[in-house]
Amino acid sequence: MASLSSAPSDTHSKLIGYLLWIFGFLGAHRFYYGKPVTGTIWFFTLGLLGIGWLIDLFLIPGMDREADLRYQAGPVNYSLAWVLLTFLGIFGLHRFYMGKWLTGILYLLTGGFFLLGVLYDFWTLNDQISMKHAKRGIFN
């Protein structure tokens, strides 16, 4: 009898989550784990004046488990795409990595499409990657 594994894929990394947490007063780790609303709040309030940022130190393992349950693994590595977006987003390197060459060139020539594209990607990158996996038939 074949067993069906319901264990979640490890799509997100705690190590990357903590790396982004260092910049978490700007919400980077919250965006990474698929929480764009609170990521935006952290961005505008500096992590709710540092208190929420400090509390997140203990919440990251739970956020990591939730992201692993929510997003499916596939050929595009979420962590690498997020590191590229967070640190080099204005150059469009995350878009080149995902195979989006035209918008990658646009970002490269316009400073991340005048930073509006980078903001858009902070809100939607996890979903963009999931859609890319779905189009390749990664989901069952």
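Q: Why is R30 called buried?
A: In this predicted model, R30 has a relative accessibility of 9%. Buried means under 20%, so R30 counts as buried.

Q: Where does R30 sit, and which residues does R30 touch?
A: R30 is in helix α2, which covers residues 28–32. Setting aside residues up to four places away in sequence, R30 touches K35, T38, G39, W42, D56, L59 and M63.

Q: Which residues of the largest nonpolar core touch the most other members?
A: That core has 22 residues, and the ones touching the most other members are Y32, Y33, W82, L85, F122, L125 and I129. Helices α1 (14–22), α2, α4 (51–70), α5 (78–88) and α8 (116–135) each supply at least two residues of this core.

Q: How do you know that I129 is buried?
A: The relative accessible area of I129 is 0%. The limit for buried is under 20%, so I129 is buried. I129 is in helix α8.

Q: What does I129 touch, and how far is I129 from Y78?
A: Not counting residues up to four places away in sequence, I129 touches V76, Y78, A81 and M98. I129 and Y78 are 51 residues apart in sequence, yet their C-alpha atoms are 7.2 Å apart in space.

Q: Why is N126 called buried?
A: N126 has a relative accessible area of 3%. Buried means under 20%, so N126 is buried. N126 is found in helix α8. Beyond four places in sequence, N126 touches H12, F31, Y32, Y33, G34, Y71, Y78 and W82.

Q: Which residues of α5 are buried, and what do the buried residues pack against?
A: In α5, the buried residues are Y78, S79, A81, W82, L84 and L85. The buried residues of α5 pack against α1, α2, α6 (93–97) and α8. Take L85: leaving aside neighbours within four places in sequence, L85 is in contact with H94, V118, D121, F122 and L125.

Q: What makes S79 buried?
A: S79 has a relative accessible area of 10%. With buried set at under 20%, S79 is therefore buried. S79 is in helix α5, and its contacts beyond four places in sequence are T11, H12, S13, I16 and Y32.

Q: Which residue caps the N-terminal end of α5?
A: N77 does: a side-chain oxygen of N77 lies 2.9 Å from the backbone nitrogen of S79.

Q: Which residues lie nearest the centre of the largest pocket?
A: L26, F43, V118, L119 and F122 lie nearest the centre, out of 18 lining residues. The volume of this pocket is about 410 Å³. Helices α2, α3 (36–49), α5 and α8 each supply at least two residues of the lining, and α5 gives the most, with four.

Q: How many residues of each class line the largest pocket?
A: The lining has 14 nonpolar, four polar and no charged residues.

Q: Why is F44 called exposed?
A: The relative accessible area of F44 is 66%. Exposed means over 50%, so F44 is exposed. F44 is found in helix α3. F44 and I55 are 11 residues apart in sequence and 17 Å apart from C-alpha to C-alpha.

Q: Is L49 buried or exposed, and what is its phi?
A: L49 has a relative accessible area of 74%. The cut-off for exposed is over 50%, so L49 is exposed. L49 is in helix α3, and its phi is near 60°, a positive value in a residue other than glycine. Most residues other than glycine have a negative phi.

Q: What makes F113 partly exposed?
A: F113 has a relative accessibility of 37%. Partly exposed is the range between buried, under 20%, and exposed, over 50%, so F113 counts as partly exposed. F113 lies in helix α7, residues 101–114. F113 has a positive phi of about 55°, although F113 is not a glycine.

Key: Residues numbered from 1 in each chain as written. Predicted model: local features only at pLDDT ≥ 70, side-chain atom pairs only at ≥ 80, totals over all residues. Heavy atoms only, no water. Buried < 20%, exposed > 50% of the residue type's maximum accessible area, 1.4 Å probe, protein only. Contact = heavy atoms within 4.5 Å. Core = buried A, V, L, I, M, F, W, Y, C linked by side-chain atoms within 4.5 Å. Polar contact = N/O pair within 3.5 Å; in protein donor to acceptor, adjacent residues only side chain to side chain. 1 Å grid on protein atoms, 1.4 Å probe; cavity = no way out; pocket = protein on both sides within 12 Å on 5 of 7 lines; lining within 4 Å. Points joined across faces, edges and corners; volume = space filled by probe spheres on them. Nonpolar A, V, L, I, M, F, W, Y, C, P; charged D, E, K, R; others polar.
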